[in-house]
Amino acid sequence: MADLVQHPDEVRVISQRFGKGAAGIETYLALGGYQSLRKALGMKPDEIINEVKTSALRGRGGAGFPTGMKWSFVPKESAKPKYILVNGDESEPGTCKDRLILEHDPHAVIEGVLIAGLAVGARQGFIYVRGEYRYLVDILRKALDEARAKGFVGKKICGSDVDFEVYWHTGAGAYEVGEESALMESLEGKRGIPRIRPPFPAVVGLWGGPTVINNVETIAAIPHIIEMGGAKYASYGPPKNGGTRLFCLSGHVNKPGVYELPLGYPMKKLIYEVGGGIPGGKKLKAVVPGGSSTFLLTPDEADGINCDFDSFSARGEFLGSGGVVVLDEDTCMVNFALRIMKFYQHESCGWCIPCREGTDWLKKTLTRFHAGGGVDKDIDNILYLSQNMLGRTFCPLGDAAAIPTMSIVKKWRNEFEDHLHGKPCPYESRVWPEPALA
Amino acid sequence: MVISEKLDRFFTEKMPEYPTKRSFLVPMLLYTQDELGCLTDEAIAYLAKKTELTELEVRNVISYYSMLRTKPMGKFHVQVCTNISCQLRGGDEIYEHCKHKLGIGHKQTTADGVFSLEEVECIGACSWAPAVQVNYDFHENLTPGKMDKVLEDYRNRK
């Protein structure tokens, strides 16, 4: 479906089977598939966890939590069944990588679930795919049937004494379900309302059982880590930021696409070399580094930063989901902030008051402001409202709405001030009417 | 039977994979909607019985998920993404073009019932923006001209 791209700087680990027909099990096996599962069956659970810890793999959904550590939180003994839950509810604006993994290499996800289960003592896994990705659900269902027919899933996998079931599941349209506790609620057949933590899912998760929740890309990296060894995988990236990740380049770049690059790859090279620069030779105005819920970067900041988790956290910011969105000099930052807020207002479930009221108020303020009805005190009020959502909600949706908004107001305050004078929007020749969102 | 026997059998076989009866509810709602066009009162009653929930509980779940609906849409539901990556590459223009071309607005259906239109949030096609989903099919790297061709192809398929 979606076009594949290439660049010489790419290090193809997760994407090594893309475009090779590996969604079919025969090709997957011919390309070394399910060998890591056989290897893992001969390892002790702690050995698998230690290998993943050594790999310095961190959650690719965006939070960047060390995967091996997450797995080690699962209690060894549990009265209730343990589960592996794969988060394929990819819906962070700017992010389109899990789609490619599920389309081109679904068996890697299945194999990753099996290995994760062996590591933490789970014998059931669920792969949750967002409702819009129906063609991927169909691909995954076929892959699961094939894996079952070949004895990799089901009773006595690979001739061992391990019984392991892996199931597919699908959502029906909800950004918030990408948050891990809402994801579990949705899988249990409920509204995707977040749960309060603690207890964390590793202790009390799906149907009360200990649950490991990993992003599609994270789990797809597992078979490669077991195959090449954690140390080799870690060596692709800087310390504590192991391996490669899929960067989804979009927006104002000449060569948008999903590229697999080592963590720590310079943002400047990502935009100008991998992405081929900005169309029309225009100047850069801003970069969304990892999905719409991250702090935006100014051109100066983007020039000097490397794309790994720690380089961003050292600034108090986030690398995020890998969705890199590039904005050229003609983009109106007020309109951009408004579009982001419309999204979060639409997706807020209304469970927590600061998020429900904050996103709605901010959307209204930004709509009026962009249309030319802004007053001076609105600018600080936007910051104040955002600040009051931050850290005051059950799930991070409130934070996700506040963070880009605050960064846009702080870093491009001049554009807000420019909107106070004269015509409605001084940056865009045409102002689109307010789109009607449900 | 409110839904086809084949679909009912599919649900009956899949439900025991979960420890609770309601767990498969969200996919069941979506697959039922795919078959019927929307979630009718009869469908809600059927799923409530199947999952041993009240109809109100089922309706509560429906109202949370943006893809689920209780009123029918067109045979071809045109979903235009205008979120950030699409916005930067002309998603708003595609949406305006569809509105003009089809003569309908957000969540409206053409008089002949062939097309309906919806402005949607990110559909995961950011690197191939601007993008549209018609029912479940992706159409990417669009221009107004390409969008005309997409609509024309669907019109000919009706």
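1. Buried here means under 20% relative accessible area and exposed means over 50%, with partly exposed in between. On that scale A:Cys158, at 23% relative accessibility, counts as partly exposed, whereas B:Cys98, at 0%, counts as buried. Please keep in mind throughout that this is a predicted model.

2. On the cysteines, the structure holds zero disulfides over all chains. A disulfide is a covalent bond between the sulfur atoms of two cysteines. For B:Cys98 the reason can be given in terms of distance: the closest cysteine sulfur, that of B:Cys86, lies 12 Å from the sulfur of B:Cys98, which is too far for a bond, the cut-off for a disulfide being 2.5 Å between the two sulfur atoms.

3. Chain A contains an open sheet of four strands, in the order β3-β2-β1-β4 and with parallel pairing. Strands β3 (165–170) and β4 (211–215) of chain A form the edges, each of them pairing on one side only, and from one strand to the next the twist averages 20°.

4. Helix α8 of chain A, spanning residues 180–187, is mostly covered, with seven of its eight residues buried. The buried residues are A:Ser181, A:Ala182, A:Leu183, A:Met184, A:Glu185, A:Ser186 and A:Leu187. The cover over these residues includes β1, β2 (124–129), β3 and β4 of chain A, together with α2 (25–36) of chain B. After α8(A) comes A:Gly189, which has a positive phi, near 85°.

5. As to the contact between the two chains, chain B contributes 50 residues and chain A contributes 70 residues. Between them the chains bury about 4900 Å², and 57% of that area is on carbon and sulfur atoms. The count of salt bridges between chain B and chain A is three; in one salt bridge, the side chains of A:Arg99 and B:Glu140 meet at 2.7 Å, N to O.

Technical notes
Residues are numbered from 1 along each chain as its sequence is written. Chains are lettered from A and ligands numbered from 1 in the order in which they are written. This is a predicted model: local features need pLDDT of at least 70, side-chain atom pairs count only at pLDDT 80 or more; totals for chains, interfaces and linings use all residues. Side-chain values use heavy atoms; hydrogens and water are left out. Buried means under 20% relative accessible area, exposed over 50%, partly exposed in between (1.4 Å probe, protein chains only). Two strands pair if DSSP finds at least two bridges between them. Helices (H or I, at least four residues) and strands (E, at least two) are DSSP runs, numbered from the N terminus. Axes are lines fitted to C-alpha atoms, for helices over the stretch in contact, and angles run from 0 to 180 degrees between N-to-C directions. Contact means heavy atoms within 4.5 Å. Buried area is the accessible area (1.4 Å probe) that two parts lose on being put together, summed over both. A salt bridge is a side-chain nitrogen of Lys or Arg within 4 Å of a carboxyl oxygen of Asp or Glu.
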